[in-house]
Amino acid sequence: MSSHPPRGAAARIVTFGELMLRLSPPGPERLLQSPELRAGFGGCEANVAVGLAHLGLRADYVTRLPDNPIGHAALQALAAEGVGTTWIQWGGDRMGIYFVEPGADIRASRVVYDRAGSAFACMTADTVDWTGALDGASWFHGSGITPALGDGPRSALAAAVAAAHRAGAAVSVDLNFRPALWQGRDPRPFIEPLVEGAELLIGNLLAVRAMLGVEEEGGRLAPGLAARFGCRYVALTRREVLSASEHGWSAELYDAESGRAWTSHRYQVRVIDRVGGGDSFAAGVIAGLCAGWAPAETVDFAAAAGALKLTVPGDWNRVTRQEIEQLIRQWK
């Protein structure tokens with residue numbers, strides 16, 4: 001367990017994961033009900049990098065893209081959001097795709113993946129020079145999605161986490177449980193080594209149960225996780241799906257050094273796009289810890305960032321620090 005997260009606005013955060021082409025109907029239609037699909041890009045770790053960039057931090061994203069017009073458009077889209085792209089690798093034949101069917105009222109949203117054999121899935125353990133990519137980095141962020149994508153991505157993430165620890169960078173892992181990607185496989189042997197000694201572990205009750213085999217007992221979930229895996233901070237989001245169109249949203253941040261937990265305001269949000277709320281929360285927590293904010297201030301900021309993302313179409317949260325702070329002031 002590291003004793004202190006990196007401080008200051010000069011912190012450099014590196015995130016790693018798969019960037020995908022996102023296709024979704026223009027409104028609440030079913031997939032292919034409309035002849036039109038809107039194209040964009042998204043993916044957990046890219047979403048975090050974009051969120052951090054819009055909060056004014058230096059965020060570099062590492063992935064592998066096909067050397068074709070779609071891959072180059074993806075890189076340009078990231079750069080336009082202020083994300084560093086120097087360490088993006090080229091190779092493979094195709095970009096992963098995912099289709100998002102928005103829910104409405106009592107009809108739940110749906111995601112369909114088409115990512116087998118993607119450029120990212122076909123990477124190997126030595127595709128990225130992690131010593132170079134993490135040179136000067138103060139923070140590394142990954143997620144539990146990457147190990148589900150194959151042996152190459154799994155070993156690349158393990159190498160990145162090991163290199164980050166050697167370099168003295170803080171490590172955060174968002175569990176991000178995706179049942180469709182694990183297909184009945186047990187995630188625990190792959191996820192437990194990644195979260196061991198992490199500065200920050202992020203998840204929700206379902207993800208913690210499915211990926212770490214830990215149940216909540218008497219409100220002691222976060223302290224138990226911190227003690228078991230040697231994490232300094234544990235952040236837990238709580239999303240109450242009242243309907244596809246309305247969610248309750250709040251979060252908790254536990255600090256193992258003080259042994260205290262702080263809970264955010266609970267927002268009740270009319271949902272425009274549920275994708276990316278957790279990633280925006282993760283970006284907010286990382287931003288707060290890098291800035292040296294108190295845990296109470298950090299969890300309030302991160303929860304508000306995640307709640308605002310639910311009102312923004314697409315994967316990427318383009319809200320500013322000022323907009324987040326204004327929302328917090330409304331509830332103080």
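What follows goes from the cysteines to a pair of helices.

This is a predicted model, where local features need pLDDT of at least 70, side-chain atom pairs count only at pLDDT 80 or more, and totals for chains, interfaces and linings use all residues. Residues are numbered from 1 along each chain as its sequence is written, and side-chain values use heavy atoms, with hydrogens and water left out.

Start with the sulfurs. A disulfide here is a pair of cysteine sulfur atoms within 2.5 Å, and by that rule the count is zero. Cysteine 290 is in no disulfide either. Cysteine 231 counts as buried, at 0% relative accessibility, where buried means under 20% relative accessible area (1.4 Å probe, protein chains only). Cysteine 290 is buried too, with a relative accessible area of 0%.

Now for the helices, which are DSSP runs (H or I, at least four residues) numbered from the N terminus. Helix H9 covers residues 277–291 and helix H10 covers residues 295–309. Their axes, lines fitted to C-alpha atoms over the stretch in contact, come within 7 Å and cross at roughly 150°. With angles running from 0 to 180 degrees between N-to-C directions, H9 and H10 are therefore roughly antiparallel, the word for angles over 145 degrees.

Which residues touch, with heavy atoms within 4.5 Å? Among them are Gly277, Phe281 and Gly284 of H9, and Phe301, Ala302 and Gly306 of H10.

Notes:
Buried < 20%, exposed > 50% of the residue type's maximum accessible area, 1.4 Å probe, protein only. Helix = DSSP H or I, 4+ residues; strand = E, 2+ residues; numbered from the N terminus. Parallel < 35°, antiparallel > 145°, perpendicular 65-115°, else oblique. Contact = heavy atoms within 4.5 Å.
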